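Reader: I have the sequence and the model open. Please take me through the main features, one question at a time.

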Amino acid sequence: MVAPVNPDPVLTLDLRTPEVPVPNQPSSRVLVIDTTDALSEHHTYFEQLARLPQVTGVVLVAVGGLGADPVLRTPSALAGVGVTLWVGDGLGVPWEGGSQRPGAGSTESTVDDLLAALRLPKVFDRVLANVGVMPHQAASPGLAVDYAVVEPGMMRSLKLRALQQLVATGVAARLHDRESTELTSVFRSATEGDATSVRQGSPLYDAMSHAQRELQAAQRSIDRWRTWRGLFGLKQAHRVVLDRLAAAGNALLRHHRVARKALVDVDSSLAEGYPPPGELVEQGLPSPAPVNSEEMAEAVRKAVTTELIGGRTLPGIAEQARRLGNQLGAARSLAFTEQDSAADLEKWARGLISPPPVQVWSRPVGFLIAVAGATTLVSTLASGLGAWPLLLMVPLWLGLVTLVSATAPAGLDLAFLYAITFFASSLCGAIGLGNANNWSPGPLIATGILLGLATIALLSTYLVWRRVVGQWRDEVPLRQAAAADKRLSDQVSRTIAQRWSPADRSRRLADSLLVVAGGVDAVVEVFREAIDAKDPDVGHTFGDSSAGLAEVLHHDLVAVTLEVLRPSFDAIASRLPLSGDSQRSLVRARDLLAAYDDHLEHAGLRELPSFVTDDGPRRRLAATLWQSSASSRHILQLTERSRMTQLCAAEDVRLLQADGAKVVHFASGDMDLPPIDNGSDEVIRTKGDAVGALRLTPILARYVEREVQTQ
């Protein structure tokens, strides 16, 4: 007989109950439990069961003695579809499976252990295959089994502790509720825009560019005005500089007006929705960056998962998520908070439109008058040309003073300057004439002296002119205006980068964080309800596996939390508006925690719950549990001649044929199998928490017969 290959579970039918059960669930594997006395009575039931199309394998466990005439009568209806395991009355006897007599002492395995092993589909299939080739498809089972289980009291205490740690606040949570770098990273990534500059060709860009160009043109015009061209350009060159400064001031005022309007409109649009984004795009702002809802949901989920696994408490995560969400959602105005950084731009711009007057008196022109007197004195004293140098130098200096003072304010008394210049140069010239000697250097040398003095006069005038213009340039607020204009441009760029471009992402993330915070609050409420409903196991002593068990329980409760938040993450990933439904999260948290408690009670901690995907903590716990189980390696070494509990009476061992026995080894799938020297080379891996050896010993042919019922 070939064992069926399908993943169906094993359906158990216990015919020892007063009412014969009816199989109402389709399954290919059926485990039937009956007494030896009632097999004939249930023959019709076996026929109906064998005719079910979905049933491909039946293992009948017949419990009871064989009476004075020791013959096991197996139902013929199961021929070809099922096998029979005979289990005698009592607890069984220790037996080594050979000619030796059964040993004395208590047994370690029971019929319940056998039934638990047969409910494992792969063990069921192997037993069906092995017994199917034995005489009359009947055998007597022997069993050795060991379990790696968690003590219930320890599990309850550690689960309560895990719940308390997850909902801890205050001092108890201080070590774990540090600032979340994961959530902060999500926060920062959502507030980074893709574009930080205004659109080219827009009114805002034109105003900004025009202001920068006019500032540069004004600076160049002042630099040109400090040269010889500016000195000899008289008032026309000065007018060009003033026009450039006025143009720069007006351009700055326009830039200030357009940029301020854009900043105020950003505040209004983000806070109240008006003006619409399209109008701001027309002004020059880039379109807001698109929102990738799926990526955002995954980032938030990973951040929450990482923080929970790392030990953060649920209230700590909820508080930080709510704070970041409120921070993003608040309509904070960058323009208002930085208003003073460019508020003086208007003042500096008006300072360019109406610059201060050029100051030529008294230091610059006073210096020229002193040089005029000195050069006139030298020209009359050393040239030997008589009064001719005086007649040359006085008009020259009057002209140079006129050039320097041409841009002086209208209120300056030029006649006074001319009079002082004429008096100083004439007086020094007269002194030179009065003290001149009779030495005459000749016309060429005299002319050279005069030309040199004239050159000194021109250079002195040029240097004074550059100083006059330089001092005036320092008084004109050109640098202050350029700095304020740059601050305004930077402020617009920051507003775009930090508030406008990521506006949609920030709004979506704010709603997402608030929804997550509400879901976490619901989990906290349910966990606290569970804590209040439980009494701690006072005085419980934790074993070596407590650390691994605590890790599994914490990991499972984190998985419960994430499963509660899963609808919230799905909603974040969608494009639909977000609205936190705390009541739905509360109901879902209660249902999941109740389902988890039911799983622990019926399936056990070792079985992975449906909502848990990472089995790493369980593998580590299993390794600890199996390492503490000294008998697990020994059981996998057992053979047909090893000592096991034979599930029959001592006197019934004589009915067995030891030579044809088969051994089925099975072990929990999370057990690290040790090297097997003499045992089975094929161990069945199961989902259970047991390691075992099941010996199937044939019954001598003369003690088994097929019972055929005739209608």
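Author: A term to begin with: a crossing is left-handed if the near helix is turned anticlockwise from the far one by less than a right angle, and right-handed if clockwise. Helices (H or I, at least four residues) and strands (E, at least two) are DSSP runs, numbered from the N terminus. The model is predicted: local features need pLDDT of at least 70, side-chain atom pairs count only at pLDDT 80 or more, and totals for chains, interfaces and linings use all residues. Residues are numbered from 1 along each chain as its sequence is written, and side-chain values use heavy atoms, with hydrogens and water left out.

Reader: What is the hand of the crossing of helix 14 and helix 19?

Author: Helix 14 covers residues 345-353 and helix 19 covers residues 478-500. Their axes lie 9 Å apart and the packing angle is about 145°. Axes are lines fitted to C-alpha atoms, for helices over the stretch in contact, and angles run from 0 to 180 degrees between N-to-C directions. The crossing is left-handed.

Reader: Which residues of helix 14 make the contact with helix 19?

Author: Contact means heavy atoms within 4.5 Å. Helix 19 contributes Leu478, Gln480, Ala481, Ala484, Asp485 and Leu488. From helix 14 come Leu345, Trp348 and Leu352.

Reader: How many nonpolar residues does the contact of helix 14 with helix 19 have?

Author: Ala, Val, Leu, Ile, Met, Phe, Trp, Tyr, Cys and Pro count as nonpolar, Asp, Glu, Lys and Arg as charged, and the others, Gly among them, as polar. The contact of helix 14 with helix 19 has 1 polar and 1 charged residue. The nonpolar count is 7.

Reader: Why are helix 20 and helix 22 called oblique to each other?

Author: Angles under 35 degrees count as roughly parallel, over 145 as roughly antiparallel, 65 to 115 as roughly perpendicular and the rest as oblique. Helix 20 (residues 503-533) and helix 22 (residues 582-602) have axes that come within 8 Å and cross at roughly 40°. The crossing is right-handed. The two helices are therefore oblique.

Reader: Which residues of helix 22 meet helix 20?

Author: On the helix 20 side are Gly519, Ala522, Val523, Glu525, Val526, Phe527, Glu529 and Ala530. By class, the contact has 8 nonpolar, 3 polar and 3 charged residues. The helix 22 side consists of Ser582, Ser585, Leu586, Ala589, Arg590 and Leu593.

Reader: Which residues of helix 20 meet helix 10?

Author: The axes of helix 10 (residues 293-309) and helix 20 come within 11 Å and cross at roughly 40°. This crossing is right-handed. Helix 10 brings Ser293, Met296, Val300 and Val304. Helix 20 brings Arg505, Arg508, Leu509, Ser512 and Val516.

Reader: Is alanine 503 buried or exposed?

Author: Alanine 503 sits in helix 20. Its C-alpha atom is 9.4 Å from that of proline 290, 213 residues apart along the chain. Buried means under 20% relative accessible area, exposed over 50%, partly exposed in between (1.4 Å probe, protein chains only). At 8% relative accessibility, alanine 503 is buried.

Reader: Why is strand 9 largely enclosed by the rest of the structure?

Author: Strand 9 spans residues 662-668. It is largely enclosed because, of its 7 residues, the number buried is 6.

Reader: Which residue is the bridge partner of phenylalanine 666 in strand 11?

Author: Two strands pair if DSSP finds at least two bridges between them. Strand 9 and strand 11 (residues 690-698) pair in the antiparallel sense over 5 bridges. The partner of phenylalanine 666 there is glycine 692.

Reader: Which residue in strand 10 does alanine 667 stand opposite?

Author: Strand 9 and strand 10 (residues 684-686) run parallel, joined by 3 bridges. Opposite alanine 667 stands arginine 685.

Reader: Which residues does threonine 686 touch?

Author: Threonine 686 belongs to strand 10. At 10% relative accessibility, it counts as buried. Not counting residues up to four places away in sequence, threonine 686 touches Leu120, Val123, Phe666, Ala667, Ser668 and Gly669.

Reader: What is the phi of histidine 136?

Author: Histidine 136 lies in the loop between helix 3 (121-131) and strand 7 (138-147). It is partly exposed, with a relative accessible area of 29%. It is not a glycine, yet its phi is positive, at about 60°.
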